[in-house]
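Take a look at the chain below. Then read the short report that comes with it.

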Amino acid sequence: PLDLPEAVRRVTARYRAGGGAGIGPRVHIEDRRVPPVLADAEALDKVLGNLMENSLQAVGEPSRLDLRVRWEVGEREVTLLWEDNGPGVPPDVADRLFELYFSTKSQGTGLGLAICRSLLDRMGGRIALADRADGGGAAAAVTLSRATEEDAWFETAGEKDGSDGGG
């Protein structure tokens, strides 16, 4: 089980730590209890890092980025809503953003979002991109399964079984 808000704080902190006041991006993370999710921490860090890079590139200067992260908690899933203040998602390319080697950036490789989708697929999750509902930028929705009490028990039991020498 993974603490999703903590993963977001960890990744976004890397981008805020570089400069003094007013130099880095503004990041607003909704302060709400969010249940743990089933995810690989390293893979999720790559997904979140790619979203951060895309948001930063969309606004041009780190100090111009205003990022909001919110949560939708369902019975079986948690969705992370990543909303920036860039130009949004061009409607003529929205359906192609996850295609391998497709990029809207002159220096883009077209790998980032395709890799994000692949990593999330492996974790049983999904990702979608669209314009923000208010039209003020792009919105990414990353959805992962909620961890259950059994998931926590199996993780704990596995750690105990591995450390007692077997038997």
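## Basis of the model

This is a predicted model: local features need pLDDT of at least 70, side-chain atom pairs count only at pLDDT 80 or more, and totals for chains, interfaces and linings use all residues. Residues are numbered from 1 along each chain as its sequence is written, and side-chain values use heavy atoms, with hydrogens and water left out.

## The whole chain

The chain has 4 helices and 5 strands. Helices (H or I, at least four residues) and strands (E, at least two) are DSSP runs, numbered from the N terminus. Along the sequence, the pattern reads α-β-α-β-β-α-β-β-α.

Of the 167 residues, 38% are buried. Buried means under 20% relative accessible area, with a 1.4 Å probe and protein chains only. Now take contacts (heavy atoms within 4.5 Å). Among those between residues at least 6 apart in sequence, 66% join residues at least 24 apart.

## The sheet

Strands of a sheet pair through backbone hydrogen bonds, either parallel or antiparallel. Here, 5 strands form an open sheet with mixed pairing, in the order E1-E2-E3-E5-E4. Two strands pair if DSSP finds at least two bridges between them. Strand E1 (26–29) and strand E4 (126–131) each have a single partner strand, so one side of each has no neighbour in the sheet.

Strand E3 (residues 77–83) and strand E5 (residues 138–145) run antiparallel and are joined by 7 bridges. Glutamate 77 has serine 145 in E5 as its bridge partner.

## Helices

Helix H1 (residues 4–16) packs with helix H2 (residues 41–59) at about 50 degrees, and their axes are 10 Å apart. Axes are lines fitted to C-alpha atoms, for helices over the stretch in contact, and angles run from 0 to 180 degrees between N-to-C directions. H1 and H2 are therefore oblique to each other. Oblique covers what is left after roughly parallel (under 35 degrees), roughly antiparallel (over 145) and roughly perpendicular (65 to 115). Residues in this contact include Leu4, Ala7 and Val8 of H1 and Ala41, Leu44 and Asp45 of H2.

Helix H3 (residues 112–122) lies across E4 and E5. Its direction is about 140 degrees to E4.

## A closer look at threonine 12

Is threonine 12 buried or exposed? Threonine 12 has 0% relative accessibility, so it counts as buried. This residue lies in helix H1. Leaving aside neighbours within four places in sequence, threonine 12 is in contact with Val27, Ile29, Met52, Leu67 and Trp82.

Conventions
Buried means under 20% relative accessible area, exposed over 50%, partly exposed in between (1.4 Å probe, protein chains only).
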